[in-house]
Amino acid sequence: MRAQFVLQEIWIGLRRNLTMTVALVVVVAISLSLLGTGLLFVKQVDATRSYWQGKVEISIYLCTAESVSVQCKQNGPATAVQRQAIDAQLTSMPQVASVVYQSQAQAFQQFKQEFSNNPSFVSTVSQGDIPDSFQVKLKNPQADYGPVATAVTGKSGVDSVIDDRSILAKFYKLLGGARNAVVIVALILLIAATLLVANTIRLSAFNRRRETGIMRLVGASNFYIQLPFLLEGIIAGLIGWLISVGLLIAVKSLWLDTLQQYFTFNVILSAGDLVEVVVLAMCVGVLLCGATSFLTLRRYLRV
Amino acid sequence: MINFDNVTKAYPSQSRPALENVTISVDKGEFVFLVGPSGSGKSTFLRLVLKEERPTDGHIRVSGRDLARLSNWRVPMLRRRIGCVFQDFRLLPSKNVYQNVAFALEVIGKPRRFIRKVVPEVIDLVGLEGKHDRLPDELSGGEQQRVAMARAFVNRPMILLADEPTGNIDPATSIGIMKVLDRINRTGTTVVMATHDAAIVDSMRKRVIELEYGKVVRDQSRGVYGQAY
């Protein structure tokens, strides 16, 4: 095996086919970036979901002087007795894991903390605007929401019962939709990339049919004849992948991480997650280019 | 060295077989002319020796090996022992004389030291000393054919197949080409040359096999091109 000779042949092939090679590199770069973005999205959603998994609760808001709902207007703010009754009822239910009472002062403190990066928004809200509430943790959030909610809804002093999951569900739906869109576009582009690899290799084989003809004639092994083409595809794939690595780093640090500020999740993906996605993208890129080149060559460079 | 035993080759698109019941035996070191009109099966004969085609019927043995039993991945090994020269030279236009000859060794993975030693020797043998750096465009037809012969011979094949090597070359230059082929033959290499060139065949006085419509109609040692009755 003469490495220098093979490298020289690859260089000749890539240069003669420059426009196709450039097109191939660009398509591979974009499709791998989109695929990687989709995977980063998946990881982001998973990380956010597991972060929230332990915190999801039912919030039972109590009537205050400011409440606007009909029943609160009729009955006025919740009294201490009503509060104790609700507390007792919740604690007695077998589905409930824990009950925490959050006073208006505590609720306001938490609100100020969560939106600390948005002071102008905080300044429009004052203590008393946010009602006091019971934060209820369920043993089994999937099944137990219904019975607990019906038990307290309509009790005197209760303003509204809110399932935190339903708020998050909307957010997940949004993220999930974006992720699906990105992955679908990435898959379509990967198909385009596959076809481009096949075409590029075919063109390359056609451009060098004199060389390959002579190689066959003088008894070069199939492996030796095909290797330059195979490596040509793989090298183009690797260059595309390198570009996609740059794009993925940009996507993570400029977009996904800044997105966090607006949602106050504080779940930033680690560098390890990024490396994992990038390595996966490389495997996809190399495998796609290599396998397509190989299959194309089997058809066009038959002995 | 080359044994055809009752070989028939039919192409699916043609009604008449290209070769029909051909039995030929060529010994080691022989020089054989393969003559006959176009379409008589000369090229098919050469392609069968290289295993570029498979016979429809019959057996072919090349240097003792049954080609039918030669597996596909061993075909390159067979071809390394057979050199080929064509009417249209088939040189690589972007490579110079030296690179064209060296290419044949590079692609079968010979070490560079070996290539540096052997290639100049063969270029000298075909009479192109001092023209290593010329591109094919800068050479005459005869010189290009010499490069092709150097490339065919550089790996010291046992058999050299020549398909009308003088077809694109004027008669005076052809004599030079034939001298090179004769020189190659004298090293012990079996030479099979398909040709239309009556003058060359007559002057060489070697064995002549004549094909017509895919059949051997004459096999004569020290023969001439035309019918000798």
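Chain A contains 11 helices and 4 strands, where helices (H or I, at least four residues) and strands (E, at least two) are DSSP runs numbered from the N terminus. The model is predicted: local features need pLDDT of at least 70, side-chain atom pairs count only at pLDDT 80 or more, and totals for chains, interfaces and linings use all residues. Residues are numbered from 1 along each chain as its sequence is written, while chains are lettered from A and ligands numbered from 1 in the order in which they are written.

Along the principal axes, the C-alpha atoms of chain A fill a box of roughly 100 × 40 × 30 Å. Of the 303 residues in chain A, 34% are buried (20 or more other C-beta atoms within 10 Å of the residue's own, with C-beta atoms placed from the backbone). Contacts (C-beta atoms, placed from the backbone, within 7 Å) in chain A between residues at least 6 apart in sequence join residues at least 24 apart in 86% of cases.

In chain B, four strands form an open antiparallel sheet in the order β2-β1-β4-β5, two strands being paired if DSSP finds at least two bridges between them. Strands β2 (19-26) and β5 (65-66) of chain B are the edges, each pairing on one side only. Strand β1 (residues 2-9) of chain B runs antiparallel to β2(B) and is joined to it by 5 bridges. B:Phe4 stands opposite B:Ile24 in β2(B). Helix α1 (residues 42-49) of chain B packs on the sheet and touches β1, β2 and β4 (57-62) of chain B.

How values were computed. Two residues are in contact if their C-beta atoms, placed from the backbone, lie within 7 Å. Axes are lines fitted to C-alpha atoms, for helices over the stretch in contact, and angles run from 0 to 180 degrees between N-to-C directions. A residue is buried if 20 or more other C-beta atoms lie within 10 Å of its own, exposed if 12 or fewer, and partly exposed in between; C-beta atoms are placed from the backbone.
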